[in-house]
Amino acid sequence: MSEEGSGQAVERFMEADSDTIIDGTKRLVWLKKDTWQMSGKWMAQRQVKEFAEGLNRKRFAGFSNWRLPTTEEAKSLFDKKQENSDHMGKVIHLSGLFEPGCGFLCWTSDVRHNIQGVRLSFRKGVIMYDDIFRVSRGASRLVRDIEKDE
C-alpha cells in the first residue's frame, strides 16, 4: 500500500533489519515474526505480555519498549489487498514483508470486563473477544513506538 505525498509514492512498510519492519505511517516498529514463530508456543494474552517483558529485558533488536499492539494498531496491519500465509497455509491479509507462517489471530493489549482480551483475525479483519488466560492458538505481533530522537 502506497501513499501519495508531494508527488512521490511512499511505501508504508519498510524492512528495517532482519527482525523488524518500520511502519512509516503510524511511526511504529513491528517484529517480522509473531510470538508463535519466535517461541514455537501458543500463548494466552498474559503469557504474550510476559514474553514481551522478556524481550525487553534482553533489549531485543536493541530496544526495551516492545509491547502488544492496541486493537487499532493491529487492525491497521490488515489490508485486503495484501496476501501472506498463516501457519496452516491459509491466506491472511498482511504485508508480504512479515514472515509467512504466523498465527492468524493476534492478541492485542485491549481488555474488556477485566477478563476478555481482544484478538484480531488476519484472515477476515474482524475482532473477537477471548478469555485472557486461554491459549487457543494465541499469538501476537509485538510492536514498539518510534521515539522522537530515532
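Me: What is a salt bridge, and how many does the structure hold?
Reply: A salt bridge is a side-chain nitrogen of Lys or Arg within 4 Å of a carboxyl oxygen of Asp or Glu. This is a predicted model. By that rule, the number of salt bridges in the structure is eight.

Me: What average pLDDT does the protein have?
Reply: Of the residues, 91% score at least 70. Residues 1-9 fall below 50. Where pLDDT is low, the predicted coordinates should not be read in detail. The protein's average pLDDT is 92.

Me: Which residue forms a salt bridge with aspartate 23?
Reply: Aspartate 23 sits in strand S4. Its partner lies in the loop between strand S2 and strand S3, 11 residues apart from it. The N to O distance is 2.6 Å, and the partner is arginine 12.

Me: How many residues apart in sequence are the parts that aspartate 86 and arginine 123 tie together?
Reply: The side chains of aspartate 86 and arginine 123 meet in a salt bridge of 2.6 Å, N to O. Aspartate 86 lies in the loop between strand S6 and strand S7, and arginine 123 in the loop between strand S9 and strand S10. So the pair ties together parts whose separation in sequence is 37 residues.

Me: Is glutamate 72 buried or exposed?
Reply: Glutamate 72 and lysine 75 both lie in helix H3, three residues apart. Their side chains meet in a salt bridge of 3.7 Å, N to O. Lysine 75 is partly exposed at 34%. The relative accessible area of glutamate 72 is 54%, and exposed means over 50%, so glutamate 72 is exposed.

Me: How many disulfides does the count come to?
Reply: A disulfide needs two cysteine sulfur atoms within 2.5 Å. For cysteine 102, the nearest cysteine sulfur is that of cysteine 106, 8.8 Å away. Cysteine 106 is in no disulfide either. The count is zero.

Me: Why does threonine 35 count as buried?
Reply: Threonine 35 lies in helix H1. Its contacts, leaving aside neighbours within four places in sequence, include Phe51, Ala139 and Leu142. Buried means under 20% relative accessible area. Threonine 35 counts as buried because its relative accessibility is 1%.

Me: Which side chain does a polar contact of 3.3 Å join to that of serine 64?
Reply: Serine 64 is in the loop between helix H2 and helix H3. Not counting residues up to four places away in sequence, serine 64 touches Asn56 and Arg59. The 3.3 Å polar contact joins its side chain to that of arginine 59.

Notes:
Residues are numbered from 1 along each chain as its sequence is written. This is a predicted model: local features need pLDDT of at least 70, side-chain atom pairs count only at pLDDT 80 or more; totals for chains, interfaces and linings use all residues. Side-chain values use heavy atoms; hydrogens and water are left out. pLDDT is the predictor's confidence in each residue, from 0 to 100. Contact means heavy atoms within 4.5 Å. Helices (H or I, at least four residues) and strands (E, at least two) are DSSP runs, numbered from the N terminus. Buried means under 20% relative accessible area, exposed over 50%, partly exposed in between (1.4 Å probe, protein chains only). A polar contact is a pair of N or O atoms within 3.5 Å; within protein, one must be able to donate a hydrogen and the other to accept it, and residues adjacent in sequence count only if both atoms are side-chain atoms.
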